[in-house]
Amino acid sequence: MSSPTLPPGLAIQKADERIMTLNVGPQHPGSGHMRIVVQIDGDQIVACDPDPGYVHRGEEKMAEYRNYTLNVPHLERPVIHDSCNILYPYVLASEELLGLEIPERAKYIRVIASELNRCIYIQYWLAIYGIFLGHSTMFMWPAGDRELLIDLMEKMTGARVTHSYFIPGGIRNDLPANFEDVCLRQVNYFEKRIKEYADVFYENPILISRTANTGVLTRENAIRLGTTGSVLRASGIDYDVRKKEPYDVYDELDFETPVLKDGDSYARSRIPWLDMMESCRIIRDALQKMPKSGSVRVKLKPNPKGELGSVYKRIESGRGALGCYIVSDKKPEPYRVKLSVPSFRNLIAMPHLLIGEKLGNMPSIYWSLNYWPVEADR
Amino acid sequence: MGTATGIIKALNSGIKHIALKRFTLRYPEEKLKFVGDGYQFDPSTGVGIAGLKGRHMLFHDHCTGCQLCSIACEGVAEAIGMVKVPEEWKQNKKSIMPQIDYGKCVFCGLCVDACPFYALYMTNDYELSSFSKEGLIYTPAQLAVKPSLDQDVEIQISSRGATHG
């Protein structure tokens with residue numbers, strides 16, 4: 001039985017003779033604080049209850065006290081590695097409320113920044129996936145190659161991680177001189193590097209034997225549970241917001257969205273890697289089609305007031321469809337900002353995937369869901 | 001593909017990397033070079049000029065003490081406070097100028113965007129560590145000093161891989 005000094009649920013306790021309740025977390029089971037309560041029979045998981053909410057920061061409430069521009073720095077904090085993408089729906093929605101028309105060049109630069117940021121996020125995710133499986137090379141390589149793109153973002157935005165780059169009205173600053181050449185060179189080299197991951201990681205028989213056929217999410221269940229992003233596409237459903245509801249200039253760019261049929265942990269880990277190659281393609285295409293000069297930002301009045309009404313916008317982030325709903329009541333501050341985050345949607349699938357699996361497979365299944373605790377709690 | 005072939009391919013990929021150059025940046029000895037003098041903002045066009053968002057620099061001869069930077073920071077980090085300066089400036093009747101607490105600053109640069117008089121911009125200086133909390137508070141006099149930097153390393157890409165050199 002549990003010790004009387006600990007609150008119920010925090011102690012290791014025996015439910016009966018065979019089944020034991022075990023807490024994984026809340027101190028960093030992966031990245032960010034969340035707890036997974038698993039019931040194990042020997043080495044096999046019989047029940048699982050994910051328990052998010054340890055890093056709730058009240059971002060949505062904070063957004064009700066700041067004007068549309070000043071909301072930018074704090075709204076990117078839930079996912080600092082993907083900070084351009086988490087701002088994207090907020091910026092699109094507030095532009096519609098404020099009635100702004102964005103210059104063409106700013107739209108292309110936003111797409112480039114968003115795709116670079118997606119790669120940065122996926123590399124970080126992949127590094128942790130590697131170390132979860134005990135593959136230390138796959139921790140070092142993505143973490144190192146990520147530096148190439150962070151360097152580009154630093155040239156572009158002036159910050160390595162929290163960029164505060166997108167703003168209602170366009171982007172904060174124009175690209176530096178000869179950025180196109182540097183970007184093309186580093187992205188080409190980056191693409192060459194990520195192709196090398198195939199030999200050492202994705203086609204490695206040891207990895208395949210550990211991740212294939214674990215945590216299988218069928219096509220029907222993926223739809224029923226409402227998963228998004230890489231989890232949905234790994235289960236054989238071709239759904240990507242960039243294709244289905246193109247925002248900014250995605251309808252003018254040439255790219256594909258990778259889809260796999262297996263729905264296991266291996267397929268879910270492979271989709272983001274294929275996504276990165278498509279991102280490199282989008283960046284090259286956007287650099288070519290981008291207007292070479294022109295305005296990048298619409299000048300705003302001080303404290304602009306939004307029109308009466310509400311707007312919902314969605315984008316495809318590194319984890320899946322990310323939505324933002326803003327209600328405005330003709331004040332400089334939004335009346336309500338709601339972030340609909342992909343991490344929380346994908347977490348719903350976890351209890352279904354873990355049942356019947358070995359406890360040792362839990363890290364690979366947990367992280368293959370592309371779950372980011374801080375974003376889910378926001 | 002057989003298990004043995006797969007493992008040999010993985011090992012071979014690792015062996016190929018012995019010949020590649022080291023990508024690591026040896027930080028305190030080498031410092032990465034950044035674009036331009038730092039982040040600046042042009043209020044007439046409403047667009048920023050690319051550069052690193054590091055420590056601020058304050059031009060005393062432009063600052064009018066209008067507090068717009070401080071108002072912008074209230075919604076972000078509350079890092080900027082207005083303090084009295086001993087000197088007297090013609091354009092600054094109240095003799096107040098921003099003082100920045102880098103324990104709170106998030107380096108978003110919205111204060112630079114808010115300044116209509118080109119008085120504030122951000123430099124490439126990012127080494128701000130201090131042994132005390134008071135050491136992180138930069139007075140207007142400290143902010144007026146242009147940082148001396150020796151950042152000269154850039155990412156180089158050759159056939160033997162990428163390096164910092």
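A:D49 touches A:V37 and A:P351, when residues up to four places away in sequence are not counted, and touching here means that the C-beta atoms, placed from the backbone, lie within 7 Å. The structure is a predicted model, in which local features need pLDDT of at least 70 and side-chain atom pairs count only at pLDDT 80 or more, while totals for chains, interfaces and linings use all residues. Residues are numbered from 1 along each chain as its sequence is written, and chains are lettered from A and ligands numbered from 1 in the order in which they are written.

**The surroundings of A:D49**

- A:D49 lies in strand β4 (residues 44–51) of chain A, where strands (E, at least two residues) and helices (H or I, at least four) are DSSP runs numbered from the N terminus.
- A:D49 counts as partly exposed because it has 14 C-beta neighbours inside 10 Å; a residue is buried with 20 or more other C-beta atoms within 10 Å of its own, exposed with 12 or fewer, and partly exposed in between.
- The C-alpha atoms of A:D49 and A:Q39 are separated by 8.7 Å, although these residues are 10 places apart along the chain.

**Helix packing in chain A**

- Helices α5(A) and α6(A) pack with their axes 9 Å apart and at an angle of about 165°, the axes being lines fitted to C-alpha atoms over the stretch in contact, with angles from 0 to 180 degrees between N-to-C directions.
- The two helices α5(A) and α6(A) are therefore roughly antiparallel to each other, given that angles over 145 degrees count as roughly antiparallel, under 35 as roughly parallel, 65 to 115 as roughly perpendicular and the rest as oblique.
- Among the residues that meet here are A:L148 and A:L152 in α5(A), and A:V182 and A:F190 in α6(A).
- By class, the contact of α5(A) with α6(A) has 10 nonpolar, one polar and four charged residues, where Ala, Val, Leu, Ile, Met, Phe, Trp, Tyr, Cys and Pro count as nonpolar, Asp, Glu, Lys and Arg as charged, and the others, Gly among them, as polar.
- Helix α6 (residues 179–195) of chain A also meets helix α12 (residues 265–289) of chain A, and their axes come within 10 Å and cross at roughly 160°, so that α6(A) and α12(A) are roughly antiparallel to each other.
- The contact of α6(A) with α12(A) has 11 nonpolar, no polar and three charged residues.

**The contact between chains A and B**

- This contact takes 31 residues from chain A and 31 residues from chain B.
- On the side of chain A that touches chain B, the elements giving two or more residues are α5 (137–157), α6 and α7 (197–202) of chain A, and the largest share, seven residues, comes from α5(A).
- The residues on that side of chain A divide into 11 nonpolar, eight polar and 12 charged.

- In chain A, three strands form an open sheet in the order β7-β8-β9 with antiparallel pairing, two strands being paired if DSSP finds at least two bridges between them.
- Strands β7 (309–316) and β9 (336–340) of chain A stand at the edges with a single partner strand each, so one side of each is left without a neighbour in the sheet.
- Eight bridges join β7(A) to strand β8 (residues 321–328) of chain A, and A:I315 stands opposite A:L322 in β8(A).
- In chain B, three strands form an open antiparallel sheet in the order β4-β5-β7.
- Strand β4(B) pairs with strand β5 (residues 96–101) of chain B over five bridges, and B:P98 in β5(B) is the bridge partner of B:M82.

Definitions and conventions:
Contact = placed C-beta atoms within 7 Å.
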